[in-house]
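Dear colleague,

I am handing over the structure below for your study. Please look through it first, and then read the notes that follow.

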Amino acid sequence: MIEKINSLKEEIQNMVAGSAQEVEALRIKYLGKKGVITALFTDFKNLDGDSKRTLGKPLNELKTFVTEKIASLKEAAAQKPDDSVTSLDLSRTAAPMPLGTRHPLTIVRNEITAIFSRLGFTIAEGPEIEDDWHVFSALNFAEDHPARDMQDTFFISRNPDVLLRTHTSSVQTRVMERTQPPIRIICPGRVYRNEAISARAHCFFHQVEALYVDENVSFADLRQTLLYFAQEMFGPETKIRLRPSYFPFTEPSAEMDISCNLCGGKGCSFCKHTGWVEILGCGMVDPNVLDACGIDSKKYSGFALGMGVERITNLKYQVKDLRMFSENDKRFLEEFTSAH
Ligand code: DAH
């Protein structure tokens with residue numbers, strides 16, 4: 001035991017501690033209930049009388065030694081200034097914190113939703129993982145419509161069909177199923193299509209859908225809403241043109257063009273010398289769709305429209321390659337620092 005006492009004495013002599021926590025850890029190590037020195041005292045009790053006589057004194061001295069050493073370490077730790085404070089140079093200029101920029105698609109989406117909210121539209125959202133009913137069937141898509149093909153739509157499973165929504169029109173379905181008119185919503189969101197990725201197509205992109213259902217909603221309301229939107233978005237000189245088109249869920253359906261915002265309608269390479277660029281699809285909600293969603297088509301009518309956010313962003317900022325939106329290249333993203 002005497003060797004143990006001597007080696008502990010040396011160990012304690014050399015012990016150091018930087019903080020109050022470290023000192024406390026040392027106290028527990030040596031003097032705690034299960035501490036090294038406490039254990040020695042337990043062993044001591046079982047020694048014979050001779051050994052007790054020779055070892056009692058050094059053992060008690062060891063205990064005093066460690067108690068004093070810990071007390072002095074404790075005092076030193078309490079006086080020592082906190083390192084983190086002394087190394088702080090308050091006179092140094094701060095390293096500039098780089099501020100992130102909003103993504104161009106977010107900027108444009110916010111602009112679109114702000115314009116529609118000025119007309120009383122509120123934002124509605126729906127799931128990206130959808131079922132056949134909300135994306136296709138309720139929206140009057142025929143059984144053999146090509147969008148229902150795996151070539152065009154990402155299916156997660158078949159029977160029951162679980163798929164990634166191909167358009168935000170599915171949010172129309174969900175809102176109409178649970179709300180009676182008047183309905184005036186705008187649905188921004190991400191959509192997915194099974195396309196080869198190129199400068200002009202991607203497997204996901206963003207849309208904003210608008211839906212207005214009430215008594216006596218007419219095509220004139222749709223046209224005026226579109227004109228307001230186009231002029232707010234692209235400037236008061238902007239003209240619009242509606243061309244007949246087809247969508248399963250609207251009747252009649254139209255495609256809206258705006259006068260080319262680059263050449264002002266005179267004709268340039270951007271608008272392929274026509275003076276017009278296509279920006280969205282729209283139409284009067286097909287009565288079949290209203291009925292499928294539990295809205296009385298004899299009483300109510302409505303219009304809907306849907307646009308691609310990437311397309312609008314391209315028109316505003318002339319982004320040539322769709323892939324730039326998802327590559328996370330800071331040089332590209334920083335171009336939009338002053339845009340919001
Ligand atoms: N869902 C259509 C698409 O993805 C866009 C669209 C067109 C939405 C006409 C509409 C609409 O609500 O009325 O191409």
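This is a predicted model: local features need pLDDT of at least 70, side-chain atom pairs count only at pLDDT 80 or more; totals for chains, interfaces and linings use all residues.

**Findings**

Helix α8 (residues 169–178) lies across β5, β6 and β10, and runs at about 35° to β6. Helices (H or I, at least four residues) and strands (E, at least two) are DSSP runs, numbered from the N terminus.

Residues are numbered from 1 along each chain as its sequence is written, and side-chain values use heavy atoms, with hydrogens and water left out.

Helix α6 (residues 104–118) lies across β1, β5 (183–192), β6 (204–214) and β10 (301–308), at about 165° to β5. These strands belong to an open sheet of 7 strands with mixed pairing, in the order β1-β5-β6-β10-β9-β8-β7. Its edge strands, β1 (122–123) and β7 (240–247), each pair on one side only; two strands pair if DSSP finds at least two bridges between them. Within the sheet, β8 (residues 250–259) and β9 (residues 276–285) run antiparallel and are joined by 8 bridges. Met-256 stands opposite Leu-280 in β9.

In soluble globular proteins, nonpolar side chains tend to be buried together. Here the largest nonpolar core has 44 residues, and Ile-112 and Leu-305 have the most contacts inside it. Such a core is a set of buried Ala, Val, Leu, Ile, Met, Phe, Trp, Tyr and Cys residues joined through side-chain atoms within 4.5 Å; buried means under 20% relative accessible area, exposed over 50%, and partly exposed in between (1.4 Å probe, protein chains only). Several elements give two or more residues to this core, including α6, β6 and α9 (219–234). The most come from α9, with 7 residues. A second, separate core of 24 residues includes Leu-163, Val-171, Ile-185 and Phe-249.

Finally, 15 residues surround the ligand (a heavy atom within 4 Å), and the closest are His-167, Ser-169, Arg-193, Gln-207 and Glu-209. A polar side-chain atom of His-167 lies 3.0 Å from a nitrogen atom of the ligand. For Gln-207, an N or O atom in the side chain is 3.0 Å from an oxygen atom of the ligand. A polar contact is a pair of N or O atoms within 3.5 Å; within protein, one must be able to donate a hydrogen and the other to accept it, and residues adjacent in sequence count only if both atoms are side-chain atoms.

Yours sincerely

Key:
Contact means heavy atoms within 4.5 Å. Axes are lines fitted to C-alpha atoms, for helices over the stretch in contact, and angles run from 0 to 180 degrees between N-to-C directions.
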